[in-house]
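Biologist: I have the sequence and the model open. Let us go through a few places in turn.

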Amino acid sequence: MVGETIPLHAADLAAGREKAELCVGCHGEAGISSVEYTPSLAGQPDLFVQWQLIFFRSGTRQNALMRPIVEALSNEDIRNLGAYYASLPPMRPRGADADPELSRKGAEAAAGRRCGSCHTDSFAGVKATARIAGQREEYLIKALNEFKSGQRSGGGMAAMADVAYSLSEVEISALAHYLAHFSAASVAPDGQTVGQKAP
């Protein structure tokens, strides 16, 4: 019937968990990666996971390891995976910050580039924007360099390319270090982050 709407069904977390077995080898048990240059997916926003899988499946994002996996995913699989990873406890900083001064420089870079305006003040991400708090440090460096060089495409590309293009190697390292060690405790009651100067 013309104008008839098709009801959307809730994502199936159990099906998402089962499909995520394909991802464990690289992205880790419960979405926490222990593989260098491979991101943790636990706690990522639902829509972010869905869109990245769509970008990989369409070829907008290229990765030789991801390609054969995503080609076999249905739209329902993608919805279920997004919901499953969003339901998991997010990655946390691994160990104490061994270089607080580098984190201070990273906090200044994050404030100067207004990272929180898209990724939120807690860097937890929202909707189609990634959670970057607690992410693997070397992966963040890789991702920022790919945005800087124009190698990475997909959601947020224009905004991220603009931000990353002006970052120096030192700033990229500092920003990645800061975010990898960031926790909610780093947010002060006034909303400022550690190392961020009040306006």
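Biologist: Is Phe-123 buried or exposed?

Modeller: A caution comes before the answer: this is a predicted model, where local features need pLDDT of at least 70, side-chain atom pairs count only at pLDDT 80 or more, and totals for chains, interfaces and linings use all residues. Residues are numbered from 1 along each chain as its sequence is written, and side-chain values use heavy atoms, with hydrogens and water left out. Buried means under 20% relative accessible area, exposed over 50%, and partly exposed in between, with a 1.4 Å probe and protein chains only. Phe-123 has 3% relative accessibility, so Phe-123 counts as buried.

Biologist: Where is Phe-123, and how many Å is its C-alpha from that of Ala-133?

Modeller: Phe-123 sits in the loop between helix 7 and helix 8; helices (H or I, at least four residues) are DSSP runs, numbered from the N terminus. Phe-123 and Ala-133 are 10 residues apart in sequence. In space, their C-alpha to C-alpha distance is 5.2 Å.

Biologist: Is Ala-30 exposed or partly exposed?

Modeller: Ala-30 lies in the loop between helix 2 (24-27) and helix 3 (46-58). Ala-30 also has a positive phi, about 55°, without being a glycine. Its relative accessible area is 40%, so Ala-30 is partly exposed.

Biologist: How far apart are the end C-alpha atoms of helix 8?

Modeller: The expected span of a helix is 1.5 Å times one less than its number of residues. Helix 8 (residues 137-149) has 13 residues, so it should span 18 Å. The model agrees with this, as the end C-alpha atoms are apart by 19 Å.

Biologist: Which helices do the buried residues of helix 8 pack against?

Modeller: The buried residues of helix 8 are Glu-138, Tyr-139, Leu-140, Ala-143, Leu-144, Glu-146 and Phe-147. Contact means heavy atoms within 4.5 Å. These buried residues pack against helix 9 (157-165) and helix 10 (169-180).

Biologist: What is His-177 in contact with, leaving aside neighbours within four places in sequence?

Modeller: His-177 is in helix 10. At 7% relative accessibility, it counts as buried. With those neighbours left aside, the contacts of His-177 are Asp-97, Asp-99, Leu-102, Ser-103 and Glu-137.

How values were computed. Helices (H or I, at least four residues) and strands (E, at least two) are DSSP runs, numbered from the N terminus.
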